[in-house]
Amino acid sequence: MSVQATTDATVDGVDVDKIAAAAQDCPAVDALVEGPPAMAATYLPRRRVTGIRIEDDVVTIQVRLRWGSTVGQLAQQVWAAVRPLAGGHRVDIVVADITGGTER
Amino acid sequence: MVTGSRLESPVRVLPDPDYLGDVIISERVVAKIASQAVYETPSAGAAAPRLFGSVAPGAGHMGIRSSDLAARPKTSAQIDSSVVYVDMAISVRWPESLADVTERIRDTVEDRIKAWTGLTVARVRISVTDLVA
């Protein structure tokens with residue numbers, strides 16, 4: 001499957017900006033992050049979208065979890081928000097980090 | 001399904017329209033959750049790094065932290081599929097019972113990692129490397 005990127009941030013029929021915005025709005029998501037373990041990022045002309053990768057039939061979303069939220073809550077929120085935008089792609093979620101804990 | 005880090009060994013499932021996707025959790029996340037459990041235990045905290053069994057003299061001047069009950073300890077985690085192994089080095093307040101403190105930490109770590117990530121904790125190895133008066 002070829003991947004074609006245009007300036008309107010559509011990769012493989014999926015709007016990367018919309019996916020990023022939807023994921024970022026989930027309460028359990030502190031931020032979209034790049035780097036290990038998934039190295040998820042999308043490179044577009046003159047810019048880069050952090051934490052999202054679209055490859056073959058999979059959309060990978062790499063996030064930093066907000067302290068106090070569970071991974072289960074995160075997954076339900078992200079899938080509910082992103083699946084309608086993913087054009088039938090599978091949506092994998094990578095929890096790369098978690099925000100600092102509460103002070104005692 | 002929920003699996004740990006290590007993207008090189010993902011579990012792939014046959015195409016299923018109802019299958020939402022994989023959830024992959026980094027070892028860093030598990031280690032931080034475990035570290036916080038120690039931090040919340042008043043009788044335990046971070047331990048100074050040791051060199052051949054002794055605290056390195058003058059380490060504080062080199063920016064290396066000392067034992068501190070009010071700091072989070074150095075913790076690492078390994079994830080194998082959906083099973084977690086946690087290692088941590090802590091200091092304990094003198095004269096608390098080491099057995100009681102470590103058991104309390106172990107219970108908290110296991111419960112919280114299970115509840116927050118869905119991963120099962122197979123082992124929590126706690127090294128008590130210092131006692132703090």
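Strand E8 of chain A, residues 90–98, is joined to strand E2 of chain B by three bridges, and the two strands run parallel. One of the paired positions is A:Val95, whose bridge partner in E2(B) is B:Ile25. The model is a predicted one. E8(A) also pairs within its own chain. Strand E7 of chain A, residues 58–65, runs parallel to E8(A), and eight bridges connect them. Here A:Val58 has A:Arg90 as its bridge partner. Nine of the nine residues of E8(A) are buried, so the strand is largely enclosed by the rest of the structure.

The interface can also be described by its contacts. On the chain B side, 30 residues are in contact with 24 residues of chain A. The two chains bury about 2,300 Å² between them, and carbon and sulfur atoms give 56% of that area. Three residues stand out: B:Leu20, B:Tyr39 and B:Trp116 supply 29% of the area that chain B buries against chain A, more than any other three residues.

Three elements of chain B give two or more residues each to the side that touches chain A: strand E2 (23–25), helix H1 (27–39) and helix H2 (98–117). H1(B) gives the largest share, seven residues. By residue type, this side of chain B divides into 17 nonpolar, six polar and seven charged residues.

Salt bridges between chain B and chain A number three. In one of them, A:Asp97 meets B:Lys32, with the closest N and O atoms 3.0 Å apart. Another links the side chains of B:Asp22 and A:Arg90, at 3.8 Å from N to O. B:Asp22 lies in the loop between strands E1 (2–4) and E2 of chain B, while A:Arg90 lies in strand E8 of chain A, so this pair joins two chains. Both B:Asp22 and A:Arg90 are buried.

Over all chains, the structure holds 12 salt bridges. Within chain A, A:Glu55 forms one with A:Arg53, the closest N and O atoms being 3.8 Å apart. A:Glu55 has a relative accessibility of 44% and counts as partly exposed. Within chain B, the side chains of B:Arg125 and B:Asp87 meet in a salt bridge of 2.7 Å, N to O. This pair links distant parts of the chain: B:Arg125 is in strand E8 (residues 120–132) of chain B and B:Asp87 is in strand E7 of chain B, 38 residues apart. B:Arg125 is partly exposed, at 46% relative accessible area. B:Asp87 is buried, at 19%. Salt bridges with shared partners also join A:Asp30, A:Arg64 and A:Arg66 into one network.

Chain A contains two helices and eight strands. From the N terminus on, its elements run β-β-α-β-β-β-β-β-α-β. The chain has 104 residues, and 52% of them count as buried. Among its contacts between residues at least 6 apart in sequence, 62% join residues at least 24 apart.

A:Ile52 gives a view of a buried site in chain A. This residue is in strand E6, residues 52–55. Its relative accessibility is 0%, so A:Ile52 counts as buried. Beyond its neighbours within four places in sequence, A:Ile52 is in contact with several residues, including A:Val16, A:Leu32, A:Ala40 and A:Val59. A:Ile52 and A:Ile93 are 41 residues apart in sequence, and their C-alpha atoms are 9.7 Å apart in space.

Two sites in chain B complete the description. B:Thr102 is found in helix H2. B:Thr102 is buried, with a relative accessible area of 12%. A polar atom of its side chain lies 2.7 Å from the backbone oxygen of B:Leu98. Leaving out residues up to four places away in sequence, B:Thr102 touches B:Ile126 and B:Val128. B:Ser81 sits in the loop between strands E6 (74–80) and E7 (83–93) of chain B. B:Ser81 is partly exposed, at 44% relative accessibility. B:Ser81 and B:Leu119 are 38 residues apart in sequence but 8.8 Å apart in space, C-alpha to C-alpha.

Methods:
Residues are numbered from 1 along each chain as its sequence is written. Chains are lettered from A and ligands numbered from 1 in the order in which they are written. This is a predicted model: local features need pLDDT of at least 70, side-chain atom pairs count only at pLDDT 80 or more; totals for chains, interfaces and linings use all residues. Side-chain values use heavy atoms; hydrogens and water are left out. Contact means heavy atoms within 4.5 Å. Buried area is the accessible area (1.4 Å probe) that two parts lose on being put together, summed over both. A salt bridge is a side-chain nitrogen of Lys or Arg within 4 Å of a carboxyl oxygen of Asp or Glu. Helices (H or I, at least four residues) and strands (E, at least two) are DSSP runs, numbered from the N terminus. Ala, Val, Leu, Ile, Met, Phe, Trp, Tyr, Cys and Pro count as nonpolar, Asp, Glu, Lys and Arg as charged, and the others, Gly among them, as polar. Two strands pair if DSSP finds at least two bridges between them. Buried means under 20% relative accessible area, exposed over 50%, partly exposed in between (1.4 Å probe, protein chains only). A polar contact is a pair of N or O atoms within 3.5 Å; within protein, one must be able to donate a hydrogen and the other to accept it, and residues adjacent in sequence count only if both atoms are side-chain atoms.
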